[in-house]
Amino acid sequence: MASNLTERLSRLIKTMRGQTRISEDNVQDMLREVRMALLEADVALPVVRDFIARVKEKALGAEVVGSLTPGQVLVSIVQKELAATMGEGVADLNLATQPPAVVLMAGLQGAGKTTTTAKLAKHLVEKRRKKVLTVSADVYRPAAIEQLKTVTGQAGAEWFPSDGTQKPRDIAAAAYEYARKHYFDVLLVDTAGRLAIDEALMAEIKELHGVLKPIETLFVVDAMQGQDAINTAKAFSEALPLTGVVLTKLDGDSRGGAALSVRQITGAPIKFAGVSEKIDGLEVFDADRHAGRVLG
Ligand code: GDP
C-alpha cells in the first residue's frame with residue numbers, strides 16, 4: 001500500500017537526523033516525497049507543481065533555529081502550506097442580502113447538483129430555520145425537474161414548477177418573483193448540466209447569473225472525478241464568479257486530493273461536502289480536518 005504524506009515525511013525526518021542545515025539537496029529529497037504523496041492522493045499535476053514550487057521557495061529561505069532539526073522545519077512548512085492552500089476552518093452559506101437570497105447551482109451533469117440542491121434546502125430549513133424555495137432551470141431533462149420536485153418534498157422545502165417549453169431565464173425570473181412575493185428567505189436554483197463543458201451551457205448559466213444576481217454561486221463537483229475535476233473547475237470559474245464549492249461523493253473518495261485541486265484552481269472556498277446519496281448526506285466542509293486527511 002502507498003504511504004501517506006505523514007509517513008513519508010516522518011521517514012524523511014529520520015534520515016535527515018544528522019543534518020544541521022537546510023540545503024538544496026535535502027530539500028529536493030523532501031520535495032520528491034511530498035510530490036509522490038500528493039499525486040497518490042489524486043491531487044492534479046499542475047496543482048502539485050505549484051505547491052512544490054511554493055514549499056521550495058519557503059524552505060530554502062527558512063532558518064533552522066532552536067532545537068528543531070531541518071527535517072522538522074521542512075515538515076512544518078509543508079503542513080502550513082497545505083492548510084493555507086485548503087483554506088481554513090469552515091465557510092457556511094452567505095445569505096446576508098435582502099431576501100430572497102439566491103443560490104445558483106452550477107456543475108456538470110451527474111456531479112450531484114439536484115441531490116445537493118435538496119440537501120442544501122434541508123440544511124437551510126433545519127439548521128438555519130429558513131423558508132426555502134427550489135426551482136429547476138434544466139429544460140432539457142424533464143426527469144431532472146421531477147427529481148427536484150421529489151427531493152424538495154423530502155427536504156421540507158417548497159418547489160416551484162417549471163417545464164421544458166420555457167426558457168431558463170424566464171423560469172428564473174418567475175421563481176424569483178414568486179419567492180419575493182411569498183416571503184421566501186432563500187431561492188435555490190438548480191441548472192442544466194452537460195456531460196462535458198460546452199459553450200452553449202456556459203452561455204446559458206452566465207445568462208442565469210446575470211438575471212438572478214445570486215449572492216452565492218456554488219460549483220458542484222464530484223470528488224471522484226480526480227484529475228478531470230480541474231478542467232471542469234477551470235471552465236466554471238472562468239465563466240462565473242464562484243463564491244463556493246460543494247465537493248460531492250466524498251464518501252467514495254479515500255484520497256481527498258480533489259479538494260486541494262479544486263480549491264487552488266477556483267480560489268473559492270469549499271463550503272460543503274456530500275457524503276452519501278441520502279438527503280441528509282451533506283456536511284459543512286472543514287478545511288483543517290480535510291488537510292489532516294490528505295496528510296494521512
Ligand atoms: P446532477 O446531474 O448534477 O443533478 O446529479 P444528481 O444530483 O442527479 O446526482 C447524480 C448521482 O450522484 C445520483 O445517483 C446521486 O444519488 C449521486 N450523488 C450525489 N451526491 C452524492 C454524494 O455525496 N455521495 C454519493 N455516494 N452519491 C451522490
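Buried here means under 20% relative accessible area, exposed means over 50%, and partly exposed lies in between, with a 1.4 Å probe and protein chains only.

A word on the source. This is a predicted model, where local features need pLDDT of at least 70 and side-chain atom pairs count only at pLDDT 80 or more, while totals for chains, interfaces and linings use all residues. Residues are numbered from 1 along each chain as its sequence is written, and side-chain values use heavy atoms, with hydrogens and water left out.

Now the whole chain. It has eleven helices and eight strands. Those are DSSP runs, numbered from the N terminus: helices are H or I with at least four residues, strands are E with at least two. The C-alpha atoms fill a box of roughly 70 × 35 × 35 Å along the principal axes. Next, contacts, meaning heavy atoms within 4.5 Å. Take those with a separation of 6 or more: 78% join residues 24 or more positions apart.

Look at the ligand's oxygen atoms. One lies 2.8 Å from a polar side-chain atom of Thr114. For Thr115, a side-chain N or O atom is 2.5 Å from a ligand oxygen. Gly274 uses its backbone: an N or O atom there lies 3.3 Å from an oxygen of the ligand. How much of the ligand does the protein cover? The ligand has 580 Å² of accessible area on its own, and the protein covers 80% of that. Such areas come from the Shrake-Rupley method with a 1.4 Å probe; for residues, only the protein chains shown count as cover.

Last stop, Thr217. You will find Thr217 in strand 5, residues 216-222. Why does Thr217 count as buried? Because its relative accessibility is 0%. Its side chain makes a polar contact of 3.4 Å with the side chain of His209. A polar contact is a pair of N or O atoms within 3.5 Å; within protein, one must be able to donate a hydrogen and the other to accept it, and residues adjacent in sequence count only if both atoms are side-chain atoms. Leaving aside neighbours within four places in sequence, Thr217 also touches others, including Leu104, Leu240 and Gly244.
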